Amino acid sequence: MASTPYHNITGSTGVTSELISSSEKIRSVESINIANTRDGTATITVFIQDDPTVGTTSTFKIIENLVIPKGVTFVIDGPIPLSKGSTNFGLHITVGSSDTVDVLIR
């Protein structure tokens with residue numbers, strides 16, 4: 001389980017939030033709930049990425065530019081693997097500049 005399962009994310013242009021660090025060495029997450037708490041639509045991108053300090057970074061998008069309507073919760077049902085062999089991946093989210101979402105990781 002993620003060390004911090006609950007996140008309140010407020011977007012700003014070009015800013016990505018780390019939900020789980022690759023250094024936490026978590027094997028997988030069961031699910032991710034993303035609730036749009038904005039008074040309007042929210043646009044999200046969710047991806048995993050290995051540790052950028054070890055050289056070439058590998059990024060794999062789970063969802064890209066998904067628009068979540070006001071008052072809707074989107075569920076990514078897993079398991080979502082965060083490790084492969086000796087490589088550990090972190091979990092990240094990018095949201096639109098004025099978007100706000102709540103994220104629950106199980």
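I looked up Asp99 first: at 3% relative accessibility it is buried (under 20% relative accessible area, with exposed over 50% and partly exposed in between, using a 1.4 Å probe and protein chains only). The model is predicted, so I kept its limits in view: local features need pLDDT of at least 70, side-chain atom pairs count only at pLDDT 80 or more, and totals for chains, interfaces and linings use all residues. Residues are numbered from 1 along each chain as its sequence is written, and side-chain values use heavy atoms, with hydrogens and water left out.

I next looked for the partner of Asp99. Asp99 forms a salt bridge with Arg38, with the closest N and O atoms 2.9 Å apart (a side-chain nitrogen of Lys or Arg within 4 Å of a carboxyl oxygen of Asp or Glu). Asp99 lies in the loop between β8 and β9 and Arg38 in the loop between β3 and β4, 61 residues apart; strands are DSSP runs (E, at least two residues), numbered from the N terminus. Arg38 is partly exposed, at 27%.

I then searched the whole structure and found 4 salt bridges. One of them joins Arg106 and Glu30 at 2.5 Å, N to O. Arg106 sits in the segment after β9 and Glu30 in strand β3.

I also searched for aromatic pairs and found 1. The ring centres of Phe60 and Phe89 are 5.8 Å apart and the planes stand at 70°, so the pair is edge-to-face (centres within 6.5 Å; planes under 30 degrees apart are stacked, over 60 edge-to-face, the rest tilted). Phe89 is buried at 10%, whereas Phe60 is partly exposed at 44%.

Key: Rings of Phe, Tyr and Trp (its six-membered ring) pair if their centres lie within 6.5 Å; planes under 30 degrees apart count as stacked, over 60 as edge-to-face and the rest as tilted. Helices (H or I, at least four residues) and strands (E, at least two) are DSSP runs, numbered from the N terminus.
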